[in-house]
Amino acid sequence: MLVYIAKRIVFAIPVVFAVALVCFLLVHIAPGDPLISVLPPDASQALADQMRREYGFDRPLPVQFGIWLWNALHGNLGLSIASGRSVTEEVLRAVGNTLMLAVTASVIGFAFGLLFGILAGYYRDSWIDRLVTTISITGVSMPHYWLGMVLVIVFSVILGWLPAVGMGPGGWSWDWEHIQYLILPAITMSVIPMGIVSRTVRALVGDLLSQEFVLALRAKGLSEARVFQHVLKNAAPTAVAVMGLQLGYLLGGSILIETVFSWPGTGFLLNSAIFQRDLPLLQGTILVLALFFVVLNLIVDVAQAAIDPRIKRA
Amino acid sequence: MSVITQDIVQPGPATRTRGYWAGVLRRLVRDPVSVACAIVLLLIVLAAILAPWLGLHDPYQGSMIRRLRPIGTPGYPLGTDELGRDMLSRLVYGGRLTLYIGLLPVGLAFLIGTSLGIIAGYVGGLVNQAIMRTIDVFYAFPSVLLAVAISGALGAGIFNSLLSLTIVFIPPIVRVAESVTTSVRSLDFVDAARASGAGQLTIMRVHVLGNVLGPIFVYATSLISVCMILAAGLSFLGLGTKPPEPEWGLMLNTLRTAIYINPWVAALPGVMIFVVSICFNLLSDGLRSAMDVRS
Amino acid sequence: MSEAEVLAPVSDIGGPAQPLLQVQNLSKHFTVSGGLFARKSVVRAVDDVSLSVDKGEVVGIVGESGCGKSTTARLIIGLIETDEGTILFDGETVGSAISLRELRRRVQMVFQDSYASLNPRLTIEDTIAFGPKVHGVDPEKAREHARDLLRRVGLDPAVFAARYPHELSGGQRQRVNIARALALSPRLVILDEAVSALDKSVEAQVLNLLIDLKEQFGLTYIFISHDLNVIRFISDRIVVMYLGEVVETGPVEALWDRPRHPYTQALFAAMPSLDPDHRTQKPPIAGDPPNPIDPPSGCRFHTRCAFAEPVCSSTVPKLAPTGVALHLAACHMVDPNSGHSLAGSRGPGS
């Protein structure tokens with residue numbers, strides 16, 4: 001098991017390096033001068049050159065990458081062009097908010113996804129199955145940013161039950177005053193993972209139930225509950241993998257929902273970085289999110305190996 | 001001894017069997033859900049194409065005195081938007097750009113991804129390693145993040161969002177194409193074709209392509225729905241189309257301020273995205289089961 | 001090359017005394033990469049195999065699964081590149097005197113899995129016509145030829161020509177595979193477990209068909225199977241393989257009457273007998289074949305052999321004459337000078 005984990009980590013290193021390279025290059029595929037947004041339109045050439053030197057944009061590309069990577073490894077992602085503050089600090093503050101939202105949404109989405117999936121897989125071809133299939137296909141086909149708007153219309157504008165945007169006054173705390181701000185974005189965000197998890201689990205449970213080992217278990221006289229335990233045990237590795245991946249997608253894909261709800265997370269940060277053409281901030285945010293995703297994939301792999309004895313041997 | 005023996009009685013009359021794709025189409029047409037989705041999509045596409053001849057209001061012509069009229073206003077059955085433009089007209093015209101930036105990336109990614117995947121799967125070895133390891137890097141980014149990152153770095157614009165979406169959908173198609181090709185390549189009929197002295201290109205054309213394109217195509221159709229949502233999403237963020245072009249995602253964005261005044265009009269563009277997306281999803285599912293020979 | 005030339009058998013060169021196929025010291029080693037932390041290991045799938053096939057003969061190759069039978073077949077037809085060894089077809093060296101492409105017109109193969117060996121997207125007719133078309137035959141003529149071949153393998157072209165593989169039964173598909181193999185008028189057909197997946201009754205029909213076709217087309221067969229009854233029925237000569245090596249070879253009667261290698265004896269003993277007086281009382285060989293990645297030293301069979309002695313694990317036995325014409329066995333007990341205590345004696349099992 002330890003060897004397996006070590007192997008996975010070693011394999012992840014080149015991926016991390018390549019991810020860093022892609023993030024770095026993003027700035028350099030961007031058209032125009034990265035300084036354009038901070039320089040006054042009538043700036044002298046001397047001032048522009050001085051700024052360029054300060055940000056290190058005058059060095060050759062590989063050198064810039066080397067310096068950037070070296071600094072990134074030490075937790076320094078440079079300075080935001082727009083605010084002049086440390087990118088690392090800005091990103092870390094935002095990541096906390098995004099994590100809170102994504103984890104809450106996952107808990108909701110996975111709980112309902114698992115419940116629906118298991119029910120539909122067990123009662124295959126019944127009305128429950130058809131209902132769940134409809135719900136899940138609706139979930140994955142729904143433009144979630146639009147769902148967010150509709151929820152705001154219904155629960156904020158018409159009913160006035162919940163606040164429409166933001167995170168509440170002052171710092172975050174787990175009281176109703178703040179939690180009510182989390183409800184709508186979290187529900188909106190949970191729709192896609194719910195659809196995908198219920199779809200996957202339905203197929204898994206359905207397939208497993210039709211396999212011969214289940215017939216053998218029933219023939220042995222096992223109670224239906226015990227048979228079901230066996231089925232769930234076999235479905236677990238794949239379900240865990242799908243859920244881990246979904247959590248990663250939520251982290252990286254939160255930008256649309258954070259924009260709808262003005263939730264001050266990484267997506268919101270990304271949005272302002274894009275529109276202020278704050279390239280170091282854009283670069284840093286994407287790098288951090290991508291690294292989260294790589295690490296999450298790693299954890300999923302290891303977790304899968306831990307619960308599925310077949311993987312360790314391979 | 002006669003070589004004509006008993007095990008040959010089974011099949012029926014001596015008619016020429018229909019081709020494989022004709023059979024798929026026949027099964028697809030028997031599925032009411034698929035047919036309904038196809039009709040809805042066809043109507044939306046036709047309306048978008050024929051928009052100038054449908055006698056609609058000018059989608060760009062606004063009016064300060066008739067802003068945000070509700071649904072059901074005489075002359076404006078779906079109301080008007082925040083600049084007083086006719087919603088029905090903008091929704092119909094909006095289908096043009098929305099469908100274009102929602103479909104083209106999947107089409108392009110299908111062409112490029114299939115080529116790369118088939119090459120990786122068929123040639124194998126170092127070529128496979130080179131292609132697949134590069135693809136792995138893109139897999140380290142969640143798709144929305146990757147699309148936003150590329151679009152964001154390149155700046156807003158239709159071409160840039162087409163480009164970023166194409167890049168996002170190439171890796172998954174390459175993976176599917178590679179695995180399908182690898183499994184087909186190892187089947188005995190490919191060996192049998194090699195044993196009859198056929199060249200690599202002939203084998204690829206006659207024996208590999210026909211067996212891998214179907215599954216890859218079905219997979220690609222399942223991506224259309226995601227791409228529609230993502231493409232409209234980029235416009236929603238302000239990264240795709242620019243105002244005043246009618247495009248569903250962008251319309252949704254500009255109408256966000258109107259949800260306190262006329263919420264249901266503001267939600268309309270999202271309904272269109274949702275309908276198109278769910279129809280493509282259901283149609284893709286229908287196609288998948290119609291292609292399953294065993295059923 | 002003209003159409004008539006493609007569809008007609010290649011003319012004989014060496015005369016009847018010249019073996020049709022001679023395989024000399026054929027070897028194929030696969031490298032198994034063990035990943036980042038494991039060393040690479042080598043599987044000796046086929047190790048120094050020599051055999052010859054006379055014109056009009058049926059040579060049967062037997063052995064457990066994984067013994068290198070199928071790899072040998074694929075090496076002969078050039079589907080896998082050889083590491084070492086030469087192949088001569090009718091006296092001409094493959095690769096120098098005749099090209100691989102030329103060889104493939106003269107040697108064809110029928111695979112075990114009748115479904116996987118037919119392209120599901122092509123009609124039966126197109127599948128059979130594919131080979132001739134590749135060699136430049138006019139498509140219409142190739143299809144006509146295909147329909148003719150269908151008739152020869154017992155399938156009515158009016159019924160089957162336009163069908164797809166999934167509409168046929170296993171036996172029918174295997175007939176199509178045979179027709180496809182014959183489409184280029186080969187002289188040698190390699191049948192790799194060609195009847196193993198079929199029901200017994202269908203298997204018998206296909207075997208009879210093969211015998212008929214052999215007469216009609218003047219064919220030579222290499223027949224690979226793990227089923228000794230089938231091998232005995234169809235073969236003139238038998239080659240027994242174990243872990244990538246030939247351990248015994250000889251005319252079918254000689255081998256059947258008096259197998260000399262303990263492995264062959266064990267294989268025969270493991271055959272189910274219908275005679276209650278000849279029931280198998282105890283398992284003739286214990287255990288699974290050793291891992292070909294790390295084959296045993298000396299005689300590869302010594303780990304499972306009841307007569308193993310120190311010499312068996314130290315020295316590799318060579319194929320040696322048994323005293324009966326053409327009957328050779330690679331066992332120290334056959335060679336009187338090997339140092340084995342039973343060497344030169346009548347040996348076990350007799």
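How many helices and strands does chain C have? Chain C has twelve helices and twelve strands, where helices (H or I, at least four residues) and strands (E, at least two) are DSSP runs numbered from the N terminus. The structure is a predicted model, in which local features need pLDDT of at least 70 and side-chain atom pairs count only at pLDDT 80 or more, while totals for chains, interfaces and linings use all residues. Residues are numbered from 1 along each chain as its sequence is written, and chains are lettered from A and ligands numbered from 1 in the order in which they are written.

Confidence is expressed as pLDDT, the predictor's confidence in each residue, from 0 to 100. Chain A averages a pLDDT of 85, and 95% of its residues score at least 70. Among the elements of chain A, the highest mean pLDDT, 92, belongs to helix H4 (residues 87-122), and the lowest, 61, to helix H13 (residues 309-313). For chain B the mean is 86, with 93% of residues at 70 or more. Residues 1-16 of chain B stay under 50 in pLDDT, and the model has 24 contacts for them beyond four places in sequence; two residues are in contact if their C-beta atoms, placed from the backbone, lie within 7 Å. Where pLDDT is low, the predicted coordinates should not be read in detail.

Helix H4 of chain A contains Gly96(A). Gly96(A) counts as partly exposed because 14 other C-beta atoms lie within 10 Å; a residue is buried if 20 or more other C-beta atoms, placed from the backbone, lie within 10 Å of its own, exposed if 12 or fewer, and partly exposed in between. From Gly96(A) to His178(A) the separation is 82 residues in sequence and 15 Å in space, C-alpha to C-alpha.

In chain C, buried residues make up 48% of the 350 residues. Of the contacts in chain C between residues at least 6 apart in sequence, 65% join residues at least 24 apart. An open sheet of four strands runs in the order E2-E1-E4-E5 (chain C), with antiparallel pairing; two strands pair if DSSP finds at least two bridges between them. Its edge strands, E2 (41-53) and E5 (92-93) of chain C, each pair on one side only. Strand E4 (residues 84-89) of chain C is joined to E5(C) by two bridges, and Leu88(C) has Thr93(C) as its bridge partner in E5(C).

Chain C is divided into domain 1 (17-235) and domain 2 (260-346), with bounds from an automatic or database domain assignment. The C-alpha centres of domain 1 and domain 2 of chain C lie 29 Å apart. Nine residues from domain 1 of chain C and seven residues from domain 2 of chain C take part in the contact. On the side of domain 1 of chain C that touches domain 2 of chain C, E2(C) gives the most, with four residues.

Between chains, 39 residues of chain C are in contact with 29 residues of chain B. On the side of chain C that touches chain B, the largest share, five residues, comes from H8(C).

The largest nonpolar core has 246 residues; such a core is a set of buried Ala, Val, Leu, Ile, Met, Phe, Trp, Tyr and Cys residues joined through C-beta atoms within 7 Å. Helix H8 (residues 200-236) of chain B gives the most to this core, with 18 residues. Ile173(B), Cys227(B), Ile190(C) and Ile222(C) have the most contacts inside the core. Not counting residues up to four places away in sequence, Ile173(B) touches residues including Ala109(B), Phe110(B), Ile216(B) and Tyr219(B).
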